[in-house]
Amino acid sequence: MSVQSTGFGRFSGQGINVDVCLGTTALVSLIAIPMLGSLAALLFLLAGLSLIALRPKAAISDLVEFKALLVLPAFCLLSILWSDVPSSSMRFGLQLAITLAIAIVLARRISLSIYLTTMMTTLLIVVTASVLIGHYRSDTGALVGFYGSKNAMGMAAAFLALLAMGNINLRHWRRRQTLVALLGLVTALAAVVLAQSVSALIALAVGFGVLGAVQILRPLPPIVRITSAIVMTVLTTLFVLLAVANLDALVDLILDLTGKDLTLTGRTELWAIASELIAQRPLLGIGYQAFWVPGNPIAEAIWRQFGIENQSGFSFHNTYLSNAVEIGIIGVAIQSLMIGSAVFMTARHALANRDRASATLLSLVAMIVSMTPIDTHIYFQLSLASSIMVSAIVLTTTRQTKVQRPPRARSVARFVRAASNSA
């Protein structure tokens, strides 16, 4: 049973809210897909579509209001017209459209606090189960858990660590939500280490850094917060440009610190292949998710080279290059606008509001964005990261849709209050 919420980490209030029940069910199912597979995916679709069908006029209004977020899946579906594998583009494009549509409506139906609390609790269960009974690679001993790779496992643990950190209140450390958050933080950090994922460690450093910076800026006057945010953004941009200008030295440093090979686990070689493919069909690409399919000679050659026997679960390890291969420069431009909107909206919300939830949401978005140059987490069907990036825009744009409590719940509440007064 779910009820109205008033604070990050706590549920309070009276009366059953069907929207919240369905919304949290959809979110829990999405997070549990790596562990429960098709069963969780089916439950996500059922709960999400039921959420839309419950009040179709309101859902249509929500989707129309945020129609810009559906331009990307629409373009992916349009790629059927020029795709090398039209059936794949149609199937996965439709799944992406449904995933993002559910993410939009879900974010309109539940509050930010419930959204983050549900994520933290569910991830705690999945990550803990991954550590205890999940899969470990036989060659390196790295934790894979229920995920397709150690990097995916590491990112899930990094999400949990950040959500837990955002929910810790040391002034009230004995409260249940703080104790759960502390348990989540310890479990998540252990899982990140066990996963041996350098990318997850980098993402976690970015997330903690953004969360700490927002907390420092919170007590300051608005003009000081805005000015400081601009300065930090400029400094971060300069740092990135400096890193790109000295990429060789940076690669050597990563090699010394982590023992990774000079190509960052083959990334630079994959990037070179992706660049050649983009040059052949730059504007539109070869079709949404039409590259990593059995029968594509280039994909199969890469699978053989990197020892991928099941011919699935691989990418170019760069969001922009990977998507440019499939949906071209036009598709990547649409994607980049969505990423920029998520960063801007969550940053503005976090600076305008002095609550932990807003800062945590911004940090989550920053973590995901920080991984785009070295991995591919967005935008895909049935993807938690993709859902977060879309929901973040909606959550920081509008308030939760108000839903009246069921008449029966209101009458029971009045009866209880009357009985208490008479006593």
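A residue is buried here when its relative accessible area is under 20%, exposed when over 50%, and partly exposed in between (1.4 Å probe, protein chains only). At 17% relative accessibility, Trp292 therefore counts as buried. In the protein chain as a whole, 49% of the 423 residues count as buried.

The model is predicted: local features need pLDDT of at least 70, side-chain atom pairs count only at pLDDT 80 or more, and totals for chains, interfaces and linings use all residues. Residues are numbered from 1 along each chain as its sequence is written, and side-chain values use heavy atoms, with hydrogens and water left out.

Confidence comes next. The pLDDT, the predictor's confidence in each residue on a scale from 0 to 100, averages 81 over the protein chain. A score of at least 70 is reached by 79% of the residues. Helices (DSSP runs of H or I, at least four residues) and strands (runs of E, at least two) are numbered from the N terminus. Helix α4 (residues 71-78) has the highest confidence, at 96. Helix α17 (residues 407-422) has the lowest, at a mean of 44. Residues 1-14 have pLDDT below 50. That stretch still has 46 contacts in the model beyond near neighbours in sequence, where a contact means heavy atoms within 4.5 Å. Residues 400-420 also stay under 50. For them the model has 21 contacts beyond four places in sequence.

Now the fold. The protein chain has 17 helices and 2 strands. Take its contacts between residues at least 6 apart in sequence: 72% of them join residues at least 24 apart.

Thr122 lies in α6. Its relative accessible area is 8%, so Thr122 is buried. Leaving aside neighbours within four places in sequence, Thr122 is in contact with Val28 and Ile31. The C-alpha atoms of Thr122 and Ala32 are separated by 7.4 Å, although the two residues are 90 apart along the chain.

Thr187 sits in helix α8 (residues 176-195). It is buried too, because its relative accessible area is 16%. Not counting residues up to four places away in sequence, Thr187 touches Leu124, Val127 and Thr128.

In soluble globular proteins, nonpolar side chains tend to be buried together. A nonpolar core is a set of buried Ala, Val, Leu, Ile, Met, Phe, Trp, Tyr and Cys residues joined through side-chain atoms within 4.5 Å. The largest one here has 97 residues, of which Tyr115, Met119, Leu123, Phe159 and Tyr379 touch the most other members. Helix α7 (residues 150-166) gives this core its largest share, 11 residues. Beyond its neighbours within four places in sequence, Met119 is in contact with Leu27, Ile31, Leu163, Leu364, Leu384 and Ile388. Apart from this core lies another, of 16 residues, among them Ala274, Leu277, Ile286 and Val332.

Aromatic rings are next. Rings of Phe, Tyr and Trp (its six-membered ring) pair if their centres lie within 6.5 Å; planes under 30 degrees apart count as stacked, over 60 as edge-to-face and the rest as tilted. By this rule there are 5 aromatic pairs. The rings of Phe291 and Phe316 have centres 5.2 Å apart and planes at 40°, so this pair is tilted. Phe291 lies in the loop between α12 (267-280) and α13 (297-305), and Phe316 in the loop between α13 and α14 (319-352), so the pair ties together parts 25 residues apart in sequence. Both residues are buried. Trp292 and Phe316 form another tilted pair, 5.0 Å centre to centre with 50° between the planes. Trp292 lies in the loop between α12 and α13, so its pair with Phe316 joins parts 24 residues apart in sequence. The relative accessible area of Phe316 is 1%. Ring pairs link Phe291, Trp292, Trp303 and Phe316 into a cluster.

Last, the cysteines. A disulfide is a pair of cysteine sulfur atoms within 2.5 Å, and a search of the whole structure finds 0. Cys76 is buried, with a relative accessible area of 1%. Cys21, at 22%, is partly exposed.
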